Number of protein chains: 2
Amino acid sequence: MASECKVETALEILVGKWKPIILFHLFSKGTMRFSELQKTLPDITKKMLTAQLRELEYHDIVHRKVYLQVPPKVEYSITEYAKGMLPVLDAMNTWGTAHVQHLNELYGENREVEPFVSNVDGLAEGM
Amino acid sequence: MASECKVETALEILVGKWKPIILFHLFSKGTMRFSELQKTLPDITKKMLTAQLRELEYHDIVHRKVYLQVPPKVEYSITEYAKGMLPVLDAMNTWGTAHVQHLNELYGENREVEPFVSNVDGLAEGM
DNA sequence: TTCTATGGTATCTTTTTGGATACTATGTTT
DNA sequence: AAACATAGTATCCAAAAAGATACCATAGAA
C-alpha cells in the first residue's frame, strides 16, 4: 500500500528537551519517584518534568502510580510496552556515538560536545 | 568507561520540522535539485529548506554541489556516510508504524494521525 | 504553631523555531 | 527592453517551547 514514513511518530516520543534523559534514567532504574527524578535532573523545572512525563504517559511509555498519602508519593515507571523501544533507542545511541566521532574527525574535537549523562555505572546495556 | 547517552546526538540530525521528510525524499531519489525539493515540499519556505539542508550538510548527511551557471543549479545528494543512518531510520520507522497502531488501540482511530508522506511508490525499502 | 515534605498548577517572561515577504544576481528568452 | 528562471539572503513577525516564580493542599514533625 502507500508507503508512509513514521519516523516522525518515533520522534514525537523523543523530542522535548528532557525526554531522552528522563527515559534514560527511567529505563535504568525502572521506577522513580517524581522527587527522585527532580534530584537526578537538577536543572529541570517541575513544570517541564510534569509535562514531559505526562506526554510519555500518554504514549504508554511510562506509567504513573499515585499513592494516596500525605505528603504525596507518585512513582513513574517504564511500561512493558516501552521496552519495545529499546532496540530503537539502542540503534540511535550507537549511531549517535559513532557520529560524535565522525564530527570530531571532520571538524576537530573542539566543538563542545556535551556528554549529558556520565558515570551512570552498570547501566550501559539498555542504552 | 562512562556510559553516555547519545540518543540526543542522533536526534540532532532528525529534529526540525522538515528534516525527516527532506531525508525521506533525498534517500529515495539520491540526488535532488533545490527547486525539485521545493516542488516536492510545496509548503516549505526557501529559508527553511536552505536552513535544514545546511544543517544536514554540516552533519555530512547531504552533499551540496553547486554548478557555476546561470540560472544557478544546486544539487543535494545523500552522502555515503549518511547511508549508515538507514538502519536507525528504519528502526524508527518500523517502531513508529507499530506505535501508531498501539495508540489507535489505546485511544481509538480518531486522533488525527497525519500520514505526512503518502503514495511515494516503490520507495519503501529505504525507510 | 510553624515548618517541612511532596507533587503538583498557574501565570508570566524569555528563548527558540518557523513563516511571510521582499530583495538580489545574471544569463537566456521573448 | 522586459520577463523568466534559480538559489538563495535579509528582515520582520508569529507561534511554540521552555524557564522563572509563586502558589496550593495537608499530615506529621519540631
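## The sheet in chain B

In this predicted model, chain B holds an open sheet of three strands in the order 1-3-2, with antiparallel pairing. Strand 1 and strand 2 of chain B are the edge strands, each pairing on one side only. On average, neighbouring strands are turned by 25 degrees against each other, direction ignored. Strands are DSSP E runs of at least two residues, helices H or I runs of at least four, both numbered from the N terminus. Pairing requires at least two DSSP bridges between two strands.

Strand 3 of chain B spans residues 73-78. Five of its six residues are buried (under 20% relative accessible area, 1.4 Å probe, protein chains only).

Strand 1 (residues 31-33) of chain B pairs with strand 3 over three bridges. Here B:M32 stands opposite B:Y76. Strand 2 (residues 62-67) of chain B is joined to strand 3 by six bridges. B:Y76 is the bridge partner of B:R64, and B:V74 that of B:V66. A five-residue hairpin connects strand 2 to strand 3 of chain B.

## Helices on the sheet

Helix 2 (residues 19-29) of chain B lies across strand 1, strand 2 and strand 3, at about 120 degrees to strand 1 of chain B. Helix 4 (residues 46-58) of chain B packs on the sheet and touches strand 2 and strand 3. Its direction makes about 115 degrees with that of strand 2 of chain B. Contact means heavy atoms within 4.5 Å. Axes are lines fitted to C-alpha atoms, for helices over the stretch in contact; angles run from 0 to 180 degrees between N-to-C directions.

## Conventions

Residues are numbered from 1 along each chain as its sequence is written, and chains are lettered from A and ligands numbered from 1 in the order in which they are written. Local features need pLDDT of at least 70, side-chain atom pairs count only at pLDDT 80 or more, and totals for chains, interfaces and linings use all residues; side-chain values use heavy atoms, leaving out hydrogens and water.

Key. Buried means under 20% relative accessible area, exposed over 50%, partly exposed in between (1.4 Å probe, protein chains only).
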